[in-house]
Amino acid sequence: MVDTSDEWITARTGIKERHIAGPGESSSTSAFRAAEDALAMAGCRAQDLDRIIVATITPDMLTPSTGCVLQEMLGASNAACFDISAGCTGFLYALSVGDSLIRSGACEKILVVGVETLSAITDYQDRTTCVLFGDGAGSVVLERSDGERGILSTHLYSDGSCGKLLYVPGGGSAMPASHASVDARAHYLKMDGNKVFKIAVKSLEDAALKALEHNGVTGDDIDLLVPHQANDRIIQAIAKRLNLPPEKVFVNIHKYGNTSSASVPIALDEANRQNRIKDNDLILLDAFGAGFTWGSALIRW
Ligand code: UT7
(Lines give C-alpha, C1' and ligand atoms only; values in the text may rest on other atoms or scores of the structure.)
Protein backbone atom coordinates (compact mmCIF):
# COMPACT_ATOMS: atom_id res chain seq x y z
CA MET A 1 0.00 0.00 0.00
CA VAL A 2 2.85 2.40 0.86
CA ASP A 3 6.62 2.60 0.38
CA THR A 4 7.86 0.83 3.52
CA SER A 5 9.58 -2.36 4.59
CA ASP A 6 9.39 -4.96 7.31
CA GLU A 7 12.97 -4.02 8.19
CA TRP A 8 12.07 -0.33 8.77
CA ILE A 9 8.96 -1.13 10.81
CA THR A 10 10.72 -3.74 12.95
CA ALA A 11 13.83 -1.65 13.61
CA ARG A 12 12.01 1.62 14.32
CA THR A 13 9.01 0.31 16.26
CA GLY A 14 9.32 -3.39 17.20
CA ILE A 15 5.98 -4.14 15.51
CA LYS A 16 5.63 -7.46 13.62
CA GLU A 17 1.86 -8.11 13.57
CA ARG A 18 -1.36 -6.19 14.11
CA HIS A 19 -5.03 -7.15 14.36
CA ILE A 20 -7.67 -5.33 12.30
CA ALA A 21 -11.42 -5.48 12.94
CA GLY A 22 -13.39 -7.45 10.37
CA PRO A 23 -16.71 -6.64 8.69
CA GLY A 24 -19.43 -6.06 11.29
CA GLU A 25 -16.91 -5.53 14.09
CA SER A 26 -16.47 -2.23 15.89
CA SER A 27 -15.28 -0.94 19.25
CA SER A 28 -18.41 -2.19 21.04
CA THR A 29 -18.08 -5.74 19.71
CA SER A 30 -14.41 -5.92 20.73
CA ALA A 31 -15.22 -4.33 24.11
CA PHE A 32 -17.96 -6.90 24.64
CA ARG A 33 -15.57 -9.83 24.23
CA ALA A 34 -12.97 -8.30 26.58
CA ALA A 35 -15.70 -7.43 29.11
CA GLU A 36 -17.09 -10.98 29.08
CA ASP A 37 -13.60 -12.37 29.77
CA ALA A 38 -12.98 -9.89 32.59
CA LEU A 39 -16.37 -10.55 34.23
CA ALA A 40 -15.77 -14.33 34.03
CA MET A 41 -12.31 -14.03 35.57
CA ALA A 42 -13.63 -11.76 38.34
CA GLY A 43 -16.65 -14.00 39.00
CA CYS A 44 -18.88 -10.93 38.60
CA ARG A 45 -22.35 -10.77 37.01
CA ALA A 46 -23.04 -7.94 34.57
CA GLN A 47 -26.11 -6.97 36.65
CA ASP A 48 -23.85 -6.29 39.66
CA LEU A 49 -21.91 -3.51 37.90
CA ASP A 50 -22.51 0.07 39.16
CA ARG A 51 -20.58 1.73 36.32
CA ILE A 52 -19.16 0.91 32.91
CA ILE A 53 -16.33 3.22 31.87
CA VAL A 54 -15.04 2.82 28.33
CA ALA A 55 -11.78 4.51 27.33
CA THR A 56 -11.69 5.03 23.57
CA ILE A 57 -10.93 7.54 20.82
CA THR A 58 -12.82 5.37 18.32
CA PRO A 59 -16.35 5.06 19.73
CA ASP A 60 -18.94 3.24 17.60
CA MET A 61 -20.52 6.65 16.92
CA LEU A 62 -20.45 10.18 18.35
CA THR A 63 -23.46 9.49 20.53
CA PRO A 64 -24.60 7.43 22.39
CA SER A 65 -21.44 6.43 24.20
CA THR A 66 -19.82 3.06 23.55
CA GLY A 67 -20.31 2.49 27.29
CA CYS A 68 -24.09 2.56 26.76
CA VAL A 69 -23.86 0.33 23.66
CA LEU A 70 -21.80 -2.13 25.71
CA GLN A 71 -24.28 -1.99 28.61
CA GLU A 72 -27.04 -3.19 26.30
CA MET A 73 -24.87 -6.03 24.92
CA LEU A 74 -23.92 -7.19 28.43
CA GLY A 75 -27.35 -6.71 30.00
CA ALA A 76 -25.70 -4.61 32.72
CA SER A 77 -28.96 -2.88 33.53
CA ASN A 78 -27.86 -1.42 36.89
CA ALA A 79 -24.78 0.37 35.56
CA ALA A 80 -24.40 4.04 34.66
CA CYS A 81 -22.18 4.16 31.59
CA PHE A 82 -19.92 6.66 29.89
CA ASP A 83 -16.82 7.03 27.71
CA ILE A 84 -13.51 8.73 28.42
CA SER A 85 -11.41 10.22 25.62
CA ALA A 86 -7.80 10.65 26.70
CA GLY A 87 -5.81 9.29 23.78
CA CYS A 88 -3.50 6.40 24.56
CA THR A 89 -3.67 7.28 28.28
CA GLY A 90 -7.43 6.62 28.21
CA PHE A 91 -7.29 3.38 30.18
CA LEU A 92 -5.30 4.99 33.01
CA TYR A 93 -7.76 7.92 33.10
CA ALA A 94 -10.67 5.47 33.28
CA LEU A 95 -8.90 3.40 35.94
CA SER A 96 -8.30 6.53 38.01
CA VAL A 97 -11.95 7.61 37.76
CA GLY A 98 -13.12 4.11 38.67
CA ASP A 99 -10.72 3.96 41.62
CA SER A 100 -11.98 7.34 42.86
CA LEU A 101 -15.64 6.29 42.55
CA ILE A 102 -14.97 3.23 44.69
CA ARG A 103 -12.85 5.11 47.23
CA SER A 104 -15.57 7.77 47.59
CA GLY A 105 -18.12 5.08 48.47
CA ALA A 106 -20.28 5.84 45.43
CA CYS A 107 -19.69 2.47 43.73
CA GLU A 108 -18.84 -1.15 44.52
CA LYS A 109 -18.11 -2.80 41.17
CA ILE A 110 -16.94 -1.07 38.02
CA LEU A 111 -16.09 -2.41 34.58
CA VAL A 112 -13.24 -0.48 32.95
CA VAL A 113 -12.57 -1.13 29.27
CA GLY A 114 -9.89 0.18 26.93
CA VAL A 115 -10.89 -0.38 23.32
CA GLU A 116 -9.95 0.93 19.89
CA THR A 117 -10.81 0.34 16.28
CA LEU A 118 -7.96 2.49 15.03
CA SER A 119 -8.24 0.96 11.55
CA ALA A 120 -11.34 3.17 11.17
CA ILE A 121 -9.26 6.37 11.50
CA THR A 122 -5.96 5.19 9.98
CA ASP A 123 -4.92 6.63 6.63
CA TYR A 124 -3.56 3.65 4.72
CA GLN A 125 -1.94 6.09 2.27
CA ASP A 126 0.22 7.65 5.04
CA ARG A 127 3.27 5.52 5.76
CA THR A 128 4.19 7.57 8.84
CA THR A 129 1.10 6.29 10.70
CA CYS A 130 -0.44 3.33 8.85
CA VAL A 131 2.29 0.89 9.88
CA LEU A 132 1.78 1.58 13.59
CA PHE A 133 -1.82 1.14 14.65
CA GLY A 134 -3.96 -1.91 15.44
CA ASP A 135 -7.39 -2.75 16.85
CA GLY A 136 -8.18 -4.47 20.14
CA ALA A 137 -9.73 -4.33 23.59
CA GLY A 138 -8.82 -5.10 27.19
CA SER A 139 -10.88 -4.90 30.34
CA VAL A 140 -10.73 -5.08 34.13
CA VAL A 141 -13.30 -5.30 36.91
CA LEU A 142 -12.61 -3.04 39.88
CA GLU A 143 -14.10 -3.79 43.28
CA ARG A 144 -13.64 -2.63 46.84
CA SER A 145 -11.00 -4.46 48.83
CA ASP A 146 -9.58 -4.06 52.29
CA GLY A 147 -5.93 -4.33 53.25
CA GLU A 148 -2.72 -3.65 51.43
CA ARG A 149 -3.65 -4.81 47.93
CA GLY A 150 -5.21 -2.80 45.11
CA ILE A 151 -4.57 0.46 43.27
CA LEU A 152 -2.04 2.34 45.43
CA SER A 153 -1.93 5.51 43.35
CA THR A 154 -2.80 7.05 40.01
CA HIS A 155 -1.17 10.18 38.57
CA LEU A 156 -2.64 11.90 35.50
CA TYR A 157 -1.32 14.81 33.40
CA SER A 158 -2.34 16.79 30.30
CA ASP A 159 -0.82 19.44 28.03
CA GLY A 160 -3.37 20.75 25.53
CA SER A 161 -0.77 22.99 23.85
CA CYS A 162 0.56 19.91 22.02
CA GLY A 163 -2.84 18.82 20.71
CA LYS A 164 -2.04 19.17 17.02
CA LEU A 165 1.02 16.93 17.15
CA LEU A 166 -1.36 13.94 17.30
CA TYR A 167 -4.97 14.49 16.25
CA VAL A 168 -7.93 13.82 13.97
CA PRO A 169 -8.97 17.23 12.59
CA GLY A 170 -12.30 16.27 11.01
CA GLY A 171 -15.60 14.80 12.14
CA GLY A 172 -16.25 16.90 15.24
CA SER A 173 -18.01 20.24 15.70
CA ALA A 174 -14.97 22.23 14.53
CA MET A 175 -14.98 20.48 11.15
CA PRO A 176 -18.15 18.46 10.59
CA ALA A 177 -18.01 15.79 7.90
CA SER A 178 -18.41 17.21 4.42
CA HIS A 179 -17.33 16.22 0.93
CA ALA A 180 -14.43 18.66 1.35
CA SER A 181 -13.32 17.17 4.69
CA VAL A 182 -13.41 13.66 3.27
CA ASP A 183 -11.49 14.74 0.15
CA ALA A 184 -8.89 16.36 2.45
CA ARG A 185 -8.55 13.04 4.38
CA ALA A 186 -9.33 15.06 7.53
CA HIS A 187 -11.02 12.12 9.29
CA TYR A 188 -7.75 10.25 9.70
CA LEU A 189 -5.22 10.37 12.52
CA LYS A 190 -2.28 12.73 11.90
CA MET A 191 0.91 12.48 13.92
CA ASP A 192 4.26 14.23 14.02
CA GLY A 193 5.90 11.01 15.19
CA ASN A 194 9.39 12.27 15.89
CA LYS A 195 8.25 15.18 18.10
CA VAL A 196 5.76 12.91 19.85
CA PHE A 197 8.49 10.34 20.46
CA LYS A 198 10.77 12.75 22.32
CA ILE A 199 8.03 14.17 24.55
CA ALA A 200 6.60 10.68 25.16
CA VAL A 201 9.88 9.33 26.54
CA LYS A 202 10.31 12.25 28.96
CA SER A 203 6.65 12.25 30.07
CA LEU A 204 6.51 8.48 30.61
CA GLU A 205 9.69 8.65 32.69
CA ASP A 206 8.32 11.54 34.75
CA ALA A 207 4.99 9.80 35.42
CA ALA A 208 6.70 6.54 36.37
CA LEU A 209 9.11 8.28 38.74
CA LYS A 210 6.21 10.22 40.30
CA ALA A 211 4.46 6.91 41.10
CA LEU A 212 7.61 5.54 42.72
CA GLU A 213 8.32 8.70 44.70
CA HIS A 214 4.71 9.04 45.88
CA ASN A 215 4.73 5.49 47.25
CA GLY A 216 8.25 5.62 48.70
CA VAL A 217 9.57 2.81 46.48
CA THR A 218 12.32 2.52 43.84
CA GLY A 219 12.65 0.75 40.51
CA ASP A 220 14.12 -2.23 42.37
CA ASP A 221 10.79 -2.75 44.17
CA ILE A 222 8.82 -3.00 40.89
CA ASP A 223 7.96 -6.57 39.87
CA LEU A 224 6.55 -5.71 36.45
CA LEU A 225 6.31 -2.56 34.33
CA VAL A 226 3.30 -2.70 32.00
CA PRO A 227 3.72 0.32 29.72
CA HIS A 228 1.69 1.66 26.81
CA GLN A 229 2.89 -0.15 23.69
CA ALA A 230 3.62 2.61 21.16
CA ASN A 231 7.23 1.90 20.29
CA ASP A 232 9.68 -0.68 21.66
CA ARG A 233 12.42 1.98 21.67
CA ILE A 234 10.29 4.14 24.01
CA ILE A 235 9.65 1.17 26.30
CA GLN A 236 13.36 0.31 26.46
CA ALA A 237 14.24 3.94 27.29
CA ILE A 238 11.86 3.91 30.27
CA ALA A 239 13.14 0.51 31.43
CA LYS A 240 16.68 1.87 31.35
CA ARG A 241 15.71 5.01 33.28
CA LEU A 242 14.03 2.89 35.98
CA ASN A 243 16.91 0.41 35.94
CA LEU A 244 14.57 -2.51 35.18
CA PRO A 245 15.93 -5.76 33.67
CA PRO A 246 14.06 -7.18 30.64
CA GLU A 247 12.17 -9.79 32.72
CA LYS A 248 10.52 -6.93 34.65
CA VAL A 249 9.19 -5.18 31.54
CA PHE A 250 6.15 -6.50 29.67
CA VAL A 251 6.36 -6.03 25.91
CA ASN A 252 3.81 -7.30 23.38
CA ILE A 253 3.95 -4.53 20.77
CA HIS A 254 5.32 -7.04 18.25
CA LYS A 255 1.94 -8.83 18.29
CA TYR A 256 -0.55 -5.93 18.33
CA GLY A 257 1.14 -2.65 17.32
CA ASN A 258 -0.14 0.50 18.98
CA THR A 259 -3.73 -0.05 20.12
CA SER A 260 -4.01 3.27 22.03
CA SER A 261 -6.46 2.97 24.96
CA ALA A 262 -6.47 -0.83 24.61
CA SER A 263 -2.74 -1.35 24.86
CA VAL A 264 -2.26 -1.26 28.65
CA PRO A 265 -5.22 -3.53 29.52
CA ILE A 266 -4.33 -5.99 26.73
CA ALA A 267 -0.76 -6.12 28.07
CA LEU A 268 -1.94 -6.44 31.68
CA ASP A 269 -4.30 -9.29 30.79
CA GLU A 270 -1.66 -11.09 28.76
CA ALA A 271 0.93 -10.71 31.55
CA ASN A 272 -1.59 -12.09 34.03
CA ARG A 273 -2.58 -15.06 31.85
CA GLN A 274 1.11 -15.85 31.23
CA ASN A 275 1.64 -16.00 35.03
CA ARG A 276 4.03 -13.05 34.87
CA ILE A 277 2.10 -11.53 37.81
CA LYS A 278 1.86 -13.08 41.29
CA ASP A 279 -0.16 -12.08 44.34
CA ASN A 280 1.33 -9.05 46.13
CA ASP A 281 3.50 -8.09 43.14
CA LEU A 282 4.05 -4.38 42.60
CA ILE A 283 2.85 -3.50 39.08
CA LEU A 284 3.59 -0.15 37.44
CA LEU A 285 1.34 1.03 34.57
CA ASP A 286 2.57 3.94 32.44
CA ALA A 287 0.98 5.58 29.38
CA PHE A 288 1.22 8.59 27.04
CA GLY A 289 -0.97 9.80 24.20
CA ALA A 290 -2.94 12.40 22.29
CA GLY A 291 -3.90 15.55 24.14
CA PHE A 292 -1.14 15.32 25.20
CA THR A 293 -2.09 13.14 28.13
CA TRP A 294 0.09 10.90 30.25
CA GLY A 295 0.01 9.14 33.57
CA SER A 296 0.92 6.19 35.77
CA ALA A 297 -0.67 3.80 38.25
CA LEU A 298 0.95 1.66 40.91
CA ILE A 299 -0.89 -1.53 41.84
CA ARG A 300 -0.27 -4.07 44.61
CA TRP A 301 -1.71 -7.17 42.85
O1 UT7 B 1 0.65 6.22 21.16
C2 UT7 B 1 1.08 7.38 21.78
C3 UT7 B 1 1.80 8.34 20.95
N4 UT7 B 1 2.58 7.80 19.90
C5 UT7 B 1 3.88 7.53 20.08
O6 UT7 B 1 4.39 7.56 21.17
C7 UT7 B 1 4.68 7.30 18.83
C8 UT7 B 1 5.95 8.09 18.90
N9 UT7 B 1 6.72 8.10 17.65
C10 UT7 B 1 7.33 7.00 17.15
O11 UT7 B 1 7.16 5.90 17.64
C12 UT7 B 1 8.34 7.22 16.03
O13 UT7 B 1 8.58 8.60 15.89
C14 UT7 B 1 7.86 6.64 14.67
C15 UT7 B 1 7.93 5.12 14.70
C16 UT7 B 1 6.47 7.10 14.35
C17 UT7 B 1 8.81 7.10 13.57
O18 UT7 B 1 10.15 6.75 13.89
P19 UT7 B 1 11.31 7.85 13.82
O20 UT7 B 1 12.57 7.16 14.15
O21 UT7 B 1 10.90 9.01 14.69
O22 UT7 B 1 11.31 8.23 12.31
P23 UT7 B 1 11.12 9.66 11.62
O24 UT7 B 1 9.72 10.12 11.70
O25 UT7 B 1 12.20 10.59 12.12
O26 UT7 B 1 11.46 9.31 10.11
C27 UT7 B 1 12.75 8.81 9.74
C28 UT7 B 1 12.72 8.47 8.26
C29 UT7 B 1 12.16 9.59 7.38
O30 UT7 B 1 12.87 9.61 6.16
P31 UT7 B 1 14.06 10.67 5.92
O32 UT7 B 1 13.43 12.03 6.08
O33 UT7 B 1 15.08 10.38 6.98
O34 UT7 B 1 14.50 10.36 4.52
C35 UT7 B 1 10.74 9.14 7.12
O36 UT7 B 1 10.24 9.67 5.91
O37 UT7 B 1 11.89 7.33 8.03
C38 UT7 B 1 10.92 7.65 7.00
N39 UT7 B 1 9.69 6.89 7.27
C40 UT7 B 1 9.51 5.64 6.81
N41 UT7 B 1 10.27 4.85 6.04
C42 UT7 B 1 9.79 3.62 5.75
C43 UT7 B 1 8.63 7.25 8.03
N44 UT7 B 1 7.72 6.24 8.05
C45 UT7 B 1 8.25 5.24 7.31
C46 UT7 B 1 7.80 3.96 6.95
N47 UT7 B 1 8.59 3.17 6.19
N48 UT7 B 1 6.61 3.46 7.39
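The sulfur of Cys162 lies 14 Å from the closest cysteine sulfur, that of Cys88, which is too far for a bond. The model is predicted: local features need pLDDT of at least 70 and side-chain atom pairs pLDDT 80 or more, while totals for chains, interfaces and linings use all residues. Residues are numbered from 1 along each chain as its sequence is written, and side-chain values use heavy atoms, leaving out hydrogens and water.

The structure holds zero disulfides (a disulfide being a pair of cysteine sulfur atoms within 2.5 Å). Cys81 is in no disulfide either, and the nearest cysteine sulfur belongs to Cys68. Both residues in the table count as buried (under 20% relative accessible area; exposed is over 50%, partly exposed in between, with a 1.4 Å probe and protein chains only).

| Cysteine | Relative accessible area |
|---|---|
| Cys81 | 14% |
| Cys162 | 14% |

Four strands form an open sheet of mixed pairing, in the order S5-S10-S9-S8. Strands are DSSP runs of E with at least two residues, and helices are runs of H or I with at least four, numbered from the N terminus. Two strands pair if DSSP finds at least two bridges between them. The edge strands are S5 (150-158) and S8 (224-227), each pairing on one side only. S9 (residues 282-289) and S10 (residues 293-300) are antiparallel, joined over eight bridges. Ala287 has Gly295 in S10 as its bridge partner. Helix H4 (residues 90-103) packs on the sheet and touches S5, S9 and S10, where contact means heavy atoms within 4.5 Å.

Notes:
Axes are lines fitted to C-alpha atoms, for helices over the stretch in contact, and angles run from 0 to 180 degrees between N-to-C directions.
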